[in-house]
Each structure stands twice: as C-alpha cells, then as structure tokens.
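Subject: Structure for your review

Dear colleague,

Please find below the structure that I am handing over to you.

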Amino acid sequence: MSSLKLLVRVTIILTGWGAWMGHGCTFCQGALDDLDLEVMVPPGGVLDNGGPADLPVQSGDLLLSLVQSPTSMFAALVDDEANMTWAEQTPFRGFYMKPWAPGEFVWYDYSLRKWTVVDASFTTLDTLTQSFAPDDDYHDVHRFEDGTYLVVLLEEVFEDLTSIGGLASAKILNPRLLHLDPQEQILREWSGLDHMPVDSDLDNLLFSTVDYLHWNAMQFDEHGGLLLSFRNRNQIVRLRPDDWSIHWKLGGEDGDFMLMDPGWNGFHVQHDVHDLGNGRILLFDNGISNNSGFLSRALELTLDTVNFTAQNSWQFAHPSGIYAAAQGSAIRLENGNTLIGWGTAGVPEFGTRVTEVTPDGDISMEIRLPPTANLYRARKYPEGMLTGCLVDSAVNVSSSPWLLAEATCLFGVDSDGDSWTDVDGDCNDLDATVYPGAPDLPGDEVDQDCDGQDAVLGCTDVSAINFDPAATVDGGTCLHEVEFRVDFSQEMAEDNFSWNLLQSTWALSTVNAVDPQSSWSLQPSNAAWQTVQFTVLLGSGMYQGHVIRPDGLAETIFRQFEVNPGDGHVDLGTSCFNLNEACPGCTDPMDVAFNPWAIEDEGCQGWIVQGCTYPAAANFSADANQDDGTCIFQVTSECPADVDQDGSVTVSDLMVLLASIGALCE
Ligand SMILES: [Ca+2]
Ligand SMILES: [Ca+2]
Ligand SMILES: [Ca+2]
Ligand SMILES: [Ca+2]
C-alpha cells in the first residue's frame, strides 16, 4: 500500500490525467481499446469436447474497478455475454466503485483519503466525513435508503505497549465505525479498541504501526446484526443489532465456533463477507498453505449459533489452483451462482480473473483481466441498471439513474420493410436481408439472422467425431464412428475352413435411390474368436451392405441401418454370417468351444484340457483339446547314409565324406 500512496501523490500525473480524460464525456469509450479482456470460459460454459454446456449465467453487468498499476485505474463494465461494453480510466485511486444515491457512485479518493461521491462522468459531487480528521478506511462504505451511511475511520491511536511486549510509542490503527446522517452527525459509533483490545497473544506487536485488526468488510445479516471482517485476526465478528456489542467471533485464535472444515482448518486473511440467510455465511478465503499448496477459495459456512459449530457447506477453489495473497471477493448471485473475484491473483503477463460458478461447482463464465490488473471486488448489477438507452423518443429509454454505458435504442419502426421492427429484433433495420431467422450466409461477416454472430459452417453435432465448437451452421459434414462385427464360427465349423479372416470384406453403400452414392469395400480393422470387426466413419443417413467371406462368397442378406444426428459412436453389434442375429454357440468361458459373441448356449464340447494335441509328438495327450505348445518331437533319421540330408543317397554324399577325411571328431 505504501508504494501506492507515494505514487498517487505525484500531482503532475493527476493533472495530466484530467486533461487526457476530458471530463464530462459520459460515454467515453477511449479506454475500451486499451483493456484487452480474455474470455477463459464463454458464457454458459463448455463441455469437455468444446460444445456448449448451457450452464446458467446471471444476467446483468459486471462493474469492475481494475487496478492496473498504482497510477492506472479503470472502471469497466462487462456484460453477461463477456463483452467489455464500457471502460474509463479514472482520476481515483480507490479499489472500489459502486452505485450510491440515485445518479451517484461512491469511490475512495486516495489523494484525499476520503470516500468521494461522483456522477457517471467522475465529476465529484461530495466528499464524505470532511468534519472528521482521521482518514476514511478504503475498504468499504454503506449507504442506507434514507441517506445515512456507515463509514469506518482509520484512527491512529498512540500507546505504550511495552507492558505487553510491544513498542513504547506504538501507532495502533483502530477501526472506528460511524453511522452518520447526511450532515455528518454521529447516530451511532463503535470503536475496535473498546471491544477488541490489542492482545499480545493474537497480534503482531513487532512494528511501530500496529494494524492489529485490519478491518476490510461489513455486511448486515438477515436479523440486522452487523458482520465485520478483521483480516489480521482471520476473524469475522457479529455485532448485535441493538447495541453493537459483540455477539460472536467466527474463526481466528479466539473464535467462539468449532470449525468443521476438513483439509483447510478454517479461513485466513479473508475478504468480502456476506450473510446468505439461515445461518449461512459466504466469504472469500485468501487461504494459506495446506496439503494442496497455496490456494484461495469461495467458502460458505453454515453456523449453528446454539452449539457454536461452523460447517463447511460449500466451497469453490479454482481447478487451476489460483491463489490471491490479498484482496478478492465472493458474492452469491440471484440465480444461485457465485461470483468470485480473484483479488491480486494476477502475474505480470496476466491479469486476475473473475469467475461465475454454479452451485455444482461448474464454471459458467470466466474472464481474465488485462495484464497486471488486480481486482479488489467483483460485483454484478441487474440488467438495465448500468447500461441503457438515453434517447427520450426510444421505446426502451432507460429510467435508471446509474447509466455508465449506452445500450442500443429501439424505436419500434420497420424502415427496411422486411416486416421486422427493431423491437421485434431486426438487428439492421436498414437492410431487408437482415432479420431474425433470415438465411445467414456463412463467412460474409454479416449476421443476417440477428443471432449475434456471422454463421460459421461446420459440424454442429456434439456427438460427432468431428464436432466443431466454433460452427453455428451444420454443413452436413458430421461423421460418426460405426462399428460392426460378423461371426464366422458357424461357417468355419461346418466346412472346416481355416481362413485368414482379415481377408473378408464389408461392401457398404447408401440407400438413396435419387442420388446413389458410390459403395465402399471395407477391410476389417480387427479379427479374433473367429469374428471380424469393421470400423468406418459415416455421416447421417440410411445405409445397407453385406459381408463377403475370405473365399469370395457374399452374404445373401442385406443389412440396413441408419445413422442419426446425436448418435455418437454407433455399435451395430455382432451378427452371424448371413444372419441378422448372433450365432448360436457355447457361452461357457471354460469350454473349448467358447464363443464370446454367442447369445444362445449350444455346441459346448467340454472343458478345456490343455496339453500336446499332435499325435506324432512323443508327449501326445489323447485327452487334450487345446494345444499348449509343449509337444516334443524326436528327430530320428531313417537314412544314415544321406550325409548331405538331401533325401537320397548319391555321389554327393560321398563327396561330403571325402572332404571331411582327416578331421577329428569329438
Ligand atoms: Ca425491418
Ligand atoms: Ca432488416
Ligand atoms: Ca452471414
Ligand atoms: Ca448469425
């Protein structure tokens, strides 16, 4: 934080910015081009094969306050289709911009060290707590409907802490919570030191500045109690609604709850705490080294405030192992999803991420911010609140007082006479070939059918082997893997053939009288158990074919089958040669005649007895019905005079004998 303070006080930079930005321009889009957003998971999520997962995405706009560097901060909107629709470099150095009163936003101003109220063009309208000397704390501020607000002052209290092991003139940073009316009269106040004294067992007293609590979030719970997050104590504290006395402490060394949080042992240096009702609390746990290494998570705890137990009832740690040492947010959205901002998890090449995750833990949308960008909190605001049409005569003119980005205005007219008005969804009312449902010519960079993008030809069937996630129009090119096996066991048994089964053929053609296709002659991809397997890639359609035996005899039957979109891998099963069903055969795996494809049990020949089945062998076994390769053959020559072993006794044998005269035999 100290480097941040230093740099923002360089007034030359501030002056330069003011001129550069051109204040008063409500819908300046200049910064949009500078901020390169990366969509990690497109809205709706993706399946393993790249197809759309159709996961729910909360509608509305993300309002992000990007900290790209200590001197470069932006406000930006990202819509629910992951488009950055508005971005502006800001004159403010705070972490966090949010809607305040109608027509107003609140943002921390680091040069003033106060919360500042601004309009949509960042013109300052008001500065909070001017009648108080201490700095405003920069983490959060809360406004009520009646215009009163809660703010935390960061009071510096000097104390001699030598009696408890600290320094003689320690500067204690004391969070002082004030409820103020618009005239800055104190309606109620709460001081950290009054309720949570500095404690040598809990706090680090080694430094001259003792930031012992480091308050960073406040939220009301459903009963009006106030949840406060104290980062440096790893603790969430509930204040009772009536007198702001401490009801309980959750987490930390002196917490009141027994935490049931297997593998994690509770939260550490947490941010952004929310009451979800029914005793459930959601927070961003920055985390700490555990069995899985450094990892942050969104954590939901279910509290039992009778028995004081806290159960981990939901969590999401990123599958890519994201860790944010500081900052970060987690908030439950209206549709039940959870929106997570990964704080300082960026590295120089990449910015941090914002992830929307379903209750099942599936990512339904994820963006990565521009390089080096951090994000203190991610928030999503309802559709139409921050983006809208400004033209009075439009049928969709916005009544929201918080507009930052301009939405397309609609006028309910049909200028091009294609009988679609812009309200009906005509996305170009000056071109009669463009309207919802119009034929969209792929690749011409014109979105004729108004579905938001130009058509892309390809295979759109997610079950097909060549599915193309980018394709929007099916080009009829989808292919399915079709598998078929034919069993020759009956043929081979009856006629005692010993064919090379891989020389059989599957002759295949489409059934299409109008546009006959050429036929294929397929060779088997595999053979075993007297059965061959054919594998072929086919598009949707009706097919017929027959199998041809290795000796050339073709089946007399024709086999018909259909491949339909969505079929995925098609297994036509196993048929007996020339039959539309499996062969009868022996289904006992212990039997010598076992046939794994047979469906009816017949033709078993008895259990397998292994041994030598060759009658000529010395160890021939008459009981054996499966040869185990152990046969022993004794080679005895019946013609000892055939020295050269050419099968006859001739002069050549004599020549061999003469050539070896004089040799010594051993
Ligand atoms: Ca029209
Ligand atoms: Ca049109
Ligand atoms: Ca097109
Ligand atoms: Ca289109």
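In which sense do E2 and E27 pair, and over how many bridges? The two strands pair in the antiparallel sense, and six bridges connect them. Please note before reading further that this is a predicted model.

Overall description

The secondary structure of the protein chain consists of five helices and 43 strands. The radius of gyration of the protein chain is 40 Å, whereas a compact globule of 666 residues would have a value near 26 Å. Of the 666 residues in the protein chain, 33% are buried. Among contacts in the protein chain with a separation of 6 or more, 42% are between residues 24 or more positions apart.

The four-stranded sheet

The pairing of E2 with E27 belongs to an open sheet of four strands, in the order E4-E3-E2-E27, with antiparallel pairing. At its edges are strand E4 (84-89) and strand E27 (374-381), each of which pairs on one side only. From one strand to the next, the twist averages 15°.

Strand E2 (residues 61-69) and strand E3 (residues 72-78) are antiparallel and share seven bridges. A hairpin of two residues joins E2 to E3. Within this pairing, Ser65 has Ala75 of E3 as its bridge partner, and Leu66 has Phe74 of E3. Leu66 also stands opposite Leu375 in E27.

E3 continues the sheet towards E4, to which it is joined by five bridges in an antiparallel arrangement. Here the bridge partner of Ala75 in E4 is Glu88. E3 and E4 also form a hairpin, with five residues between them. In that turn, Ala82 has a positive phi of about 70°.

E27 is mostly covered, with seven of its eight residues buried.

The five-stranded sheet

A further open sheet contains five strands in the order E18-E22-E21-E20-E19, and its pairing is mixed. Strand E18 (258-260) and strand E19 (271-277) stand at the edges with a single partner strand each, so one side of each has no neighbour in the sheet. The twist in this sheet averages 25° from one strand to the next. E18 and strand E22 (residues 309-317) run parallel and are joined by three bridges. In this pairing, Met258 stands opposite Thr309 in E22.

Nonpolar cores

In soluble globular proteins, nonpolar side chains tend to be buried together. The largest nonpolar core in this model has 99 residues. Those that touch the most other members are Leu66, Ala76, Leu77, Val78, Val151 and Leu283.

Leaving aside neighbours within four places in sequence, Leu283 is in contact with Ile236, Phe267, Gln270, Asp272, Val273, Leu299 and Ala330. Another core, of 15 residues, lies apart from the largest one; among its residues are Val486, Phe534, Val547 and Cys586.

A residue in strand E9

His142 is found in strand E9 (residues 135-143). Is His142 to be counted as buried or partly exposed? His142 has 16 C-beta neighbours inside 10 Å, and therefore counts as partly exposed. Its contacts, leaving aside neighbours within four places in sequence, are with Tyr149, Leu150 and Met218. His142 and Val106 are 36 residues apart in sequence, and their C-alpha atoms are 9.7 Å apart in space.

Yours sincerely

Key
Residues numbered from 1 in each chain as written. Chains lettered and ligands numbered in written order. Predicted model: local features only at pLDDT ≥ 70, side-chain atom pairs only at ≥ 80, totals over all residues. Pairing = 2+ DSSP bridges. Axes fitted to C-alpha atoms, helices over the stretch in contact; angles between N-to-C directions. Rg over C-alpha atoms; globule rule 2.2 N^0.38 Å. Buried ≥ 20, exposed ≤ 12 C-beta atoms within 10 Å, placed from the backbone. Contact = placed C-beta atoms within 7 Å. Core = buried A, V, L, I, M, F, W, Y, C linked by C-beta atoms within 7 Å.
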